Amino acid sequence: MSLSSSFVQYKNLKVVQNKVLLFLVSVVFFLNLISVLIPTWGGSFIFYYFTDIESYFAFSQLILIFANTCLGVLIIFLQLKLKGDRQLYIILTLWISFMLSLLFTSFQAGLMAIFAVPIAYIVVFQIIAQNGISDKHMICATLILVVWCVFPLFYMLIAPIEHKIMLFNGSEDSMTFSSFGGFSLHRNYYGFYVGLSIILLTFYDVLKKYRIVLYPLLLIGLILSESRSSIIATLVCVSLFYIKKNGLKLSRLFMLSIGVGIIIFLWYYFSQNFASRDISSNSDRWELYNGFFNIFWDNFFWGTGKSSLYFSSNYPEGSPAHNFILQTLADYGFFTSLIFFFFIGYNFFHGGIYSKTLWCYLLIIGLFQPYFTFGIPISFTLITFLMIAGLYRKSIYGYN
């Protein structure tokens, strides 16, 4: 066999290998997207197979972690050679610190975390960030999210009364809450995905002609969710992205201010119980923050080694921190948290405007909601990570 023919075969093999790699990345992306959009409201089909929502989440998350880990191993194998840049070194340092935290806390987080955490972060922030996710796939994901967010609004108009109650209360038994949760377990889940849909819709000008119809519908869903963190994060991130991309003359800034004012007015006007409910729900928030700070202080160096909960008379069943900084500090201690926060900062400042916008969205919500922290990334944390990595090299002028 001649040298030239061997080179051609090698080149063809690399082409096939790259196609398989991109295919597996697409599988991971859409697998995690679809998994978080499976209906978990009170009328969901999942309750035909599971007695309660906790059983469903325990089963589905275990399956998803296993699938992501196996697919991650294949992706790393196909990549063959990882780019030895600062990103990889930060991830490996983070993993070593995480391992020490597990070691000093008798592996409270479980043995699977030893492999699942580094594989997830290397695949997402090293391999996918290098290769990106195509605009075609991102636009497809945007449309899937938009349909998922808008459809419950139309279904609400024709649904029987028992389903209307479930749509406005998620799967909660109490009738105290009147916020709209759509097909999600909770209003904050629904609000998160509605806000994410609005941001993604803003990213892609190819969808510009649909915005005049979709923006009002998505804003109605966002307002009905009464999810404060999602509303604030969406307004901030869309405004910052628009300013960065287009620049703002005084007249445009004035119109934007009017638009924000109208949205805030409608938010309060259609949420008559919003203020009083949130004041009562936040009366114990400082106790929760103080409790988690004490957990961190008592386990300063390596944390508790697992997902911590705070228990008191106000939180008899235990509560997460509702703040990713305190949660990470309590779970894995000072050293791991410091490296994790540095990792976030590195990715934020080195990414393009699209990546920065999604980081901003996730971090704002993470300051007030319990769904984002360090560990095995699952649920909307992972799908947001995948989008951040997929758009890491994308700038206003294209891909770098």
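Let's start inside the protein: helix H2 (53–79) and helix H4 (112–131) each give at least two residues to the lining of the largest cavity. Helices here are DSSP runs of H or I with at least four residues, strands are runs of E with at least two, and both are numbered from the N terminus. H2 makes the largest contribution to this lining, with 6 residues.

Before going on, a word on the model and its conventions. This is a predicted model, in which local features need pLDDT of at least 70 and side-chain atom pairs count only at pLDDT 80 or more, while totals for chains, interfaces and linings use all residues. Residues are numbered from 1 along each chain as its sequence is written, and side-chain values use heavy atoms, with hydrogens and water left out.

Of the 16 residues lining the largest cavity, Asn68, Thr69, Ala116, Ala120 and Leu382 are the closest to its centre. A cavity is a set of points, on a 1 Å grid over the protein atoms alone, where a 1.4 Å probe fits but cannot get out, and lining residues have an atom within 4 Å of a point. Sorted by class, the lining of the largest cavity comprises 13 nonpolar residues, 3 polar ones and no charged ones. Nonpolar covers Ala, Val, Leu, Ile, Met, Phe, Trp, Tyr, Cys and Pro; charged covers Asp, Glu, Lys and Arg; the others, Gly among them, are polar.

Now step back to the whole chain. It has 15 helices and 2 strands, and 49% of its 400 residues count as buried. Buried means under 20% relative accessible area, exposed means over 50%, and partly exposed lies in between (1.4 Å probe, protein chains only).

Asp85 sits in the loop between H2 and helix H3 (86–104), and counts as partly exposed because its relative accessibility is 23%. Its C-alpha atom is separated by 9.1 Å from that of Gln126, 41 residues apart along the chain.

Ser227 lies in the loop between helix H8 (208–225) and helix H9 (228–246). With a relative accessible area of 0%, Ser227 is buried. Leaving aside residues up to four places away in sequence, Ser227 touches Arg187, Asn188, Gly191 and Leu222, where contact means heavy atoms within 4.5 Å.

Technical notes. On a 1 Å grid over the protein atoms alone, a cavity is a set of points where a 1.4 Å probe fits but cannot get out, and a pocket is an open set with protein on both sides within 12 Å along at least five of seven lines; lining residues have an atom within 4 Å of a point.
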